[in-house]
Amino acid sequence: MKHLVATSFVAACLIMPVFAAQESELPSPSLKALAKQSNIYVGAAMETRHLKEPEFALTFASQFNQLTPENEMKWSYIHPERDRFDFTKGDELVAFAEKHGMEVKGHALVWHIQNPDWLTEQEWTPSELVKVLENHIKTVVGHYKGKVKYWDVVNESFNENGSYRETLWYEVLGERYLELAFKFAHEADPDAILFYNDYGNEGMGPKSNAIYRKMKAMVDDGVPIHGVGFQLHLMGEHTIGEASVARNIERLKDLGLKIHFTEIDVRIRDDAKPFTVGNQARLFSRLMDFAIYYPEVDMYTTWGVTDKYSWIPGWFPGYGRGLMFDENYQPKKAFDAVYSSLLAASQGEFAYEPPIGDNATSRIVQPFVANPLDQASIVDEQVIYYPFAYNQLGGQSQAVPDAANLSGKWAMGYFGNKLIGRVHRQDDQTFTNKSLVHENDNVEVFISVGETYWQIRSIVGQDFAANNFPGSTKGIWSEDGKVFDFEIEFTELKSLTGETIGFNIALSDNDESGADATRHAQMYPLPGNNTAWKGEQFGELFMIGQNAVLPTKPVATPAPFKVMPLASRPDSSVSEVWKQAMEYSLEYNQLNSADQTISDRDDISGSWQLGYHKNWMFGVVNRIDDVTVTNMEHSYQNDNVEVFFGHDENTFYQLRTTVGEDFESSSYPYKHFAKWNADNTKLFFGIELREAPKAGVGLNWNIALSDNDKDQRKTQIYPVPGNNRSYMGEELTRVEFQ
Ligand code: XIL
């Protein structure tokens, strides 16, 4: 199975003896020889054209013992027409691997891109598509039976939030396409080792949770799946949540699965500060440390050999230098760092232990998402609308003022290096005559990158005022002051794909005529004390895109919702003590992922309060609803209130109260009750806690008000954005005891 290191070394020298001198610059023993001592394959992705370059072939064959075809086994290459397969390139790669004693990992049997037109342009019935899938997988895997030992069977099935990606496969076949693919591959080659592969799935989070659940279901059902691949297309500025990665590896290994690091690269911005190069090296070696530490992680593959041929500059404009060898095949710091980890291991001096424990928490609060746009202006179908949900000038009540008085929604997208935004504003009176600029009706955009932040303001009807943002900014209002379109260009970047920045946006309203009159409302998408102008309480904006990964550690942290101490135990929803609690709105309809704002406030709207006394937390929900439905077969479909919370990451509970009723029975071990008033406009609830809360301590939390007006729930409103996944303990937010 495994060939001697010497064989491939000699073979490499035999093909290209002329480069033997070059090679001596690499340390001895080779990378692959050292890795072998830790039972790890070190591999790289490549294409046949690269082999024509002698230095490439030499570097590759001398240092690596595993090969992944970067493109040439994908559908569009290997199956160009419905009745024709083309194995020429794939065979060439396999022959090279055989010659040099390398294992091959085939990539990829099911994916949503790089598919031929004949596959994507036809409308398939489910049974036809199953046949097409079966034929493809069985022909390809059958062709390479005994030669290609590992396969990426399914690639990238899940979205960032854990939902299924809407691909051709998913739309026609539903999630069973995964089981089918693994089954077909196994039937074609029972000895092949079969992987599910994805990006942004190395740490704990909604996406890796969804993958974990699917893997567990398949393992439980006896589906032939043997491992999970973490692509690991990382960024030089980022750190990796080591505790979070460790926990994810542990839970997958507990399912009996192997883990492969399949497409490692760490892209560096062209204008990056030198420290990112050091950080890149640390990331490369830390990943190798994981592979050394966990026997279940036995493949470490980089997405290319040399920066000369990396996919990065093409896919992430403005980035490059992501691999272990530079454009001249010289080993970089990253290579040295990986090499020293392996060397230490081979000398019995390996000391790394993943920090498993309390700091394993993944991000709790979700970012706002900016989608890529086809053009430099907002296309409604391409963006997500979010509400201006909290009046940060409201004092104790942060809920939206009377909607006729002021309301609004906003969306962000990006095009190349430009952030593109749109605000819709509904306001009964417009004032722009104030002596203090910020007291006018205006929109403010807050952006932070690293330690720096900018506030960019536009008074209704005017362009952004002069500001110190280093790029360019431009804003245009519609005649009637209802729509504001703007553009913020990050001139120093080529593309925003994959960037996560600190972000906030505010809509201000002044309704009095005097020049010194002050605003009554400044609406934000997040709660807070109106301190964004000081660079505080920012949310995040994530520029999503293919292979764009959300950092595990948030780049900015919004203010938590406050749970105020109550002077006494409230006895109802109208108890005087509720005056001591904050009131927050429920403005995010998580059942509409493209527009999370409430479409009709009379149809459903609400607010909530939380307070605590001794070891009890109490709450009130105010509910405005025109039609009440409570007779559905599944209670989650009824008009109801659900609360989601956990004391820490190992506990998570969901309590549900259908309108008019007490909480349903649940696994929550302490006392709890829910009481509705006679007309079902107010809910009063109490939850006994594990212990009396201390000021400054928080809970993971969410709360939702559901509305069904006939036979199906159509709105479920939450205090934060998300995709209605809180029932799985995901997309929660934080409350903090004061
Ligand atoms: C990339 C290749 O590197 C590019 O050459 C090609 O143009 C597009 O695909 N995730 C995967 C890989 O699973 O197949 C992708 O490879 C990179 C992201």
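This is a predicted model: local features need pLDDT of at least 70, side-chain atom pairs count only at pLDDT 80 or more; totals for chains, interfaces and linings use all residues.
1. Ligand shell. There are 15 residues around the ligand, and those that come nearest are Glu70, Lys74, His107, Glu263 and Trp303. By type, the shell divides into four nonpolar, seven polar and four charged residues.

2. The side chain of glutamate 70 places an N or O atom 2.5 Å from an oxygen atom of the ligand. For asparagine 155, a side-chain N or O atom is 2.8 Å from a ligand oxygen. A nitrogen atom of the ligand is involved with glutamate 156, where the distance to a side-chain N or O atom is 3.2 Å. On its own the ligand has 410 Å² of accessible area, and the protein covers 90% of this.

3. Largest core. The largest nonpolar core has 99 residues, and the members that touch the most others are Phe60, Trp151, Phe261 and Tyr300. Helix α11, residues 176-188, supplies the largest share of this core with eight residues. Beyond its neighbours within four places in sequence, phenylalanine 261 is in contact with Phe230, Leu232, Ile249, Leu287, Phe290, Ala291, Val297, Met299, Tyr300 and Thr301. There is also a second, separate core of 74 residues, with Val443, Ala521, Val659 and Leu699 among them.

4. Helix α5. This helix runs over residues 54-63 and is mostly covered, with eight of its ten residues buried. The buried residues are Phe56, Ala57, Leu58, Thr59, Phe60, Ala61, Ser62 and Gln63. Phe60 of this list is also one of the residues named above for touching the most other members of the largest core.

5. Threonine 500. Strand β20 covers residues 500-509 and includes threonine 500. The relative accessibility of threonine 500 is 10%, so this residue counts as buried. Setting aside neighbours within four places in sequence, threonine 500 is in contact with Glu540, Leu541, Phe542, Leu550, Pro551 and Val555.

6. Phenylalanine 415. This residue lies in strand β14, which spans residues 406-415. Phenylalanine 415 counts as partly exposed because its relative accessibility is 34%. Not counting residues up to four places away in sequence, phenylalanine 415 touches Leu373, Asp374, Gln375, Ala376 and Ile420. Tyrosine 164 is 251 residues from phenylalanine 415 in sequence, and the two C-alpha atoms are 25 Å apart.

7. Cis peptide bonds. Most residues other than glycine have a negative phi, and most peptide bonds are trans. Two bonds to check against the second part of that rule follow. The bond from serine 28 to proline 29 is cis, with omega near -5 degrees. Proline 29 is in the loop between α2 (20-23) and α3 (31-37). The bond from histidine 107 to alanine 108 is also cis, again with omega near -5 degrees. Alanine 108 belongs to strand β3, residues 103-110, and His107 is among the residues that come nearest to the ligand.

8. Positive phi. Glutamine 537 has a phi near 55 degrees, a positive value in a residue other than glycine. The residue sits in the loop between β21 (521-524) and β22 (539-543). With a relative accessible area of 17%, glutamine 537 is under the 20% limit and is therefore buried. Asparagine 724 also has a positive phi, near 60 degrees, and is found in the loop between β33 (713-718) and β34 (733-737). Asparagine 724 is buried because its relative accessible area is 15%.

9. Glutamate 25. Like proline 29, glutamate 25 is placed in the loop between α2 and α3. Its relative accessible area is 48%, so glutamate 25 is partly exposed. Glutamate 25 and proline 331 are 306 residues apart along the chain, yet their C-alpha atoms are separated by 8.7 Å.

Technical notes. Residues are numbered from 1 along each chain as its sequence is written. Side-chain values use heavy atoms; hydrogens and water are left out. A residue is near a molecule or strand if one of its heavy atoms lies within 4 Å of it. A polar contact is a pair of N or O atoms within 3.5 Å; within protein, one must be able to donate a hydrogen and the other to accept it, and residues adjacent in sequence count only if both atoms are side-chain atoms. Accessible areas come from the Shrake-Rupley method with a 1.4 Å probe; for residues, only the protein chains shown count as cover. Ala, Val, Leu, Ile, Met, Phe, Trp, Tyr, Cys and Pro count as nonpolar, Asp, Glu, Lys and Arg as charged, and the others, Gly among them, as polar. Helices (H or I, at least four residues) and strands (E, at least two) are DSSP runs, numbered from the N terminus. Buried means under 20% relative accessible area, exposed over 50%, partly exposed in between (1.4 Å probe, protein chains only). Contact means heavy atoms within 4.5 Å. A nonpolar core is a set of buried Ala, Val, Leu, Ile, Met, Phe, Trp, Tyr and Cys residues joined through side-chain atoms within 4.5 Å.
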